[in-house]
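Colleague: I would like to learn how to read a model like this one. Please take the features in turn.

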Amino acid sequence: MTALTSPSRTTARPSPAGAPPSAPRRRATRRRWFVAVVFALPALLLLGVLVVYPMLFSVGRSFFDATGTRFVGGDNYTEMFRDPATLKAIRNSTIWVVVAPTLLTGLGLILAVLTEKVRWATAFKLLLFLPMAVSFLAAGIIFRLAYEEDPDRGVLNAVAVGVHGTFQDTSSYPTARARDGQGLTKAGDGSFRTTDAARPGRTVNLPLVGVRPDELPAGAAPARDAASAEAGPDELRGVVYLDFTPGGGGEQGTVDTKESGLPRMAVEAVRDGEVAARATTGADGSFRFAGLGAGSYELRLPAGNFAPPYEGVSWLGPALVTPAVIGAYLWIWTGFAMVLIGAGLSALPRETLEAARMDGANEWQIFRRITVPLLAPVLTVVFVTLVINVMKVFDLVYIIAPGPVQEEATVLATQMWLVSFGGGQDQGLGSALGVLLLVLVVPAMLFNVRRFRRSQS
């Protein structure tokens, strides 16, 4: 019987553990690495040219003087911490790092939770996120105008003046002053007082100047008739008027036909240092004190009649410029924090929240003991990201803060630019400031990267 034999076959066997890979596998691995390097090379070149080289150059430049020709070692770093402007920049940057990310994370959390209860949540989120589409330059110009101290230009001061005028009357005569030699003198507290004593049964004329006829309150009437009125035996009458005749003419200290009374002017009758009676002038400037006892009285026009008008808040003054710029930053970045935290909130296990409600927990307890702890990783990432961002803030500070208070609002980024290019022309010191900023930012960046890798794993 003839044995039939099948053609021989070569069966590939896997290499034992620890054996070197075969040539085809080595070639495939090299090919993959080559393709990866080819695709990554442009990005690596850009990263090296735009990030790595400037960073290394700045570190090296920080050890040279302003001209870049003489090696000075660590003198720039020593000078950096001696310069009052740099210390102020470090202080302001610390305020930014503490205040802005904390407020933004808190606002983002509150708004993210509240938008879940709003019917038009998507439109609300879109509205709050829109400022992110505005450049920092445009936002700075917007808020520079909003913070203008002139109420006719600055919307915030226009609101402040309107609210103030609702609850407190403003003076109509901030520029008024007494006519010299006509019986009125200015006291140290800003009021005007009569030089001669007045007694009941008399009519007293109190002339003022310094008010433009076209700035008189609406309804002001001629003062002639009030000046000619007769006072009773127990009353004291008078008229406060503008001692100025339009077109010229008239006699100083005498109420002429064309001269106007000054309405809504407060008048006080003072005796022995105490206010015995108060009155307010009518449309023709007339006032009347009735029921006065016998004796002499001093008439006084209180300083409130001449107080300068309320002009609002000096938002961009030395005291408030940093909070004002932080407010503009909050307007831009609140939507960013809300959207990120809202994304984390949507991923929370709903059965946990429902179980807490069934166990009798109220919404505040659920928020404090369940929502916030479960959102802690998201809140941390948002907070650290904002810390990195505020470390580099430049545009808003430079644009919003006026020149005279620029130093009061300066942060490390603006101080670095001012020292290097904005007049200081000391790029050695500016490079040292850049290195300081890098040293402060890198730990926060590493922390964020580690958290991201941990969440990925």
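Modeller: Start with the record: UniProt positions are given in the numbering used here, feature names are shortened, and annotations may be inferred rather than shown by experiment. For "transmembrane region", the unreviewed UniProt entry lists residues 33-56, 94-114, 126-147, 328-349, 370-388 and 428-449. Residues are numbered from 1 along each chain as its sequence is written. This is a predicted model: local features need pLDDT of at least 70, side-chain atom pairs count only at pLDDT 80 or more, and totals for chains, interfaces and linings use all residues, while side-chain values use heavy atoms, leaving out hydrogens and water.

Colleague: What does the chain average in pLDDT?

Modeller: pLDDT is the predictor's confidence in each residue, from 0 to 100. The protein chain averages 85, and 94% of the residues score at least 70. Residues 1-12 fall below 50 and have 0 contacts (heavy atoms within 4.5 Å) beyond near neighbours in sequence.

Colleague: How much of residues 33-56 is helix, and how much strand?

Modeller: Helices (H or I, at least four residues) and strands (E, at least two) are DSSP runs, numbered from the N terminus. Residues 33-56 are 100% helix and 0% strand, with end C-alpha atoms 28 Å apart.

Colleague: At roughly what angle do the axes of α8 and α11 cross?

Modeller: Axes are lines fitted to C-alpha atoms, for helices over the stretch in contact, and angles run from 0 to 180 degrees between N-to-C directions. Those of α8 (residues 321-346) and α11 (residues 376-391) cross at roughly 155 degrees and come within 10 Å. The two helices are therefore roughly antiparallel (over 145 degrees) to each other.

Methods: Parallel < 35°, antiparallel > 145°, perpendicular 65-115°, else oblique.
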